[in-house]
Amino acid sequence: MASILVTGARDWTNVDRVRQVLESNTQFNPIIIHGDCKGVDRICGNVGESLGFEIRARPADWRLGRCAGVIRNSSMIEELLQLQLSEYRTCVLTFHDALDHSRGTKDCVKKALKAGLTVYSISSTEIKHISTL
């Protein structure tokens, strides 16, 4: 059993890259957790659903104001940690071609790293494990 938290660029359009990465995880039949934003979140949700994965969309409650995304990111990290305690394999996949210029994705990645989660940065051309930002 596995669970993958997906975060990334709202302007991401590379469906083939998402499919390639998610298909490499089909043997684990993972739960996909995402923030339900346009771009990579919804692409991963759609591709994951087509692969038969359980999808958990976690939209931010924007009534909370500008901090809503940060609160949602913390909640998704906590959910992933709870699954890890239940003996799920866990990781965070961040799809972004310019992670250094991101606010929301970078926030989620920092929180994941601080929590000790495994994080992979996926760009259009490479996949790399990251341990610091």
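**Figure 1. Asp 36 sits in the loop between strand 2 (31-34) and helix 2 (40-50).** Helices (H or I, at least four residues) and strands (E, at least two) are DSSP runs, numbered from the N terminus. The model is predicted: local features need pLDDT of at least 70, side-chain atom pairs count only at pLDDT 80 or more, and totals for chains, interfaces and linings use all residues. Residues are numbered from 1 along each chain as its sequence is written, and side-chain values use heavy atoms, with hydrogens and water left out. Asp 36 has a phi near 60 degrees, a positive value in a residue other than glycine. With a relative accessible area of 25%, Asp 36 is partly exposed; buried means under 20% relative accessible area, exposed over 50%, and partly exposed in between (1.4 Å probe, protein chains only).

**Figure 2. Glu 87 lies in the loop between helix 3 (68-85) and strand 4 (89-95).** Its phi is near 70 degrees, again a positive value in a residue other than glycine. Glu 87 counts as exposed because its relative accessibility is 69%.

**Figure 3. Strand 2 pairs with strand 1 and strand 3.** Two strands pair if DSSP finds at least two bridges between them. Strand 1 (residues 2-8) and strand 2 are parallel and share 4 bridges; Leu 5 has Ile 33 of strand 2 as its bridge partner. Strand 2 and strand 3 (residues 54-57) also run parallel, joined by 4 bridges, and here Ile 33 stands opposite Arg 56. The path from strand 2 through helix 2 to strand 3 is a right-handed β-α-β crossover. A crossover is right-handed if, with the strands pointing away from the viewer, the path from the first strand over the helix to the second runs clockwise. Strand 1, helix 1 (residues 15-23) and strand 2 likewise make a right-handed β-α-β unit.

**Figure 4. The side chains of strand 2 point two ways.** In a regular strand the side chains alternate between the two faces of the sheet. Ile 31 and Ile 33 point one way, Ile 32 and His 34 the other, and all are buried.

**Figure 5. Helix 2 has buried residues, among them Val 40, Ile 43 and Val 47.** Asp 41, Cys 44, Gly 45 and Gly 48 of helix 2 are buried too. The cover over the buried residues of this helix includes strand 1, helix 1, strand 2, strand 3 and strand 4, where contact means heavy atoms within 4.5 Å. Just after helix 2, Gly 52 has a positive phi of about 85 degrees.

**Figure 6. The largest pocket holds about 510 Å³ of space.** On a 1 Å grid over the protein atoms alone, a pocket is an open set of points with protein on both sides within 12 Å along at least five of seven lines, and lining residues have an atom within 4 Å of a point. The lining has 21 residues, and Arg 10, Arg 72, Arg 103, Gly 104 and Thr 105 lie nearest the centre. Strand 1, helix 3 and helix 4 (104-114) each give two or more residues to this lining, and helix 3 gives the most, with 5.

**Figure 7. The second largest pocket has a volume of about 230 Å³.** It is lined by 15 residues, with Ile 4, Asn 25, Phe 28, Cys 91 and Tyr 120 closest to its centre. Strand 4 supplies the largest share of this lining, 4 residues.

Notes:
1 Å grid on protein atoms, 1.4 Å probe; cavity = no way out; pocket = protein on both sides within 12 Å on 5 of 7 lines; lining within 4 Å. Points joined across faces, edges and corners; volume = space filled by probe spheres on them.
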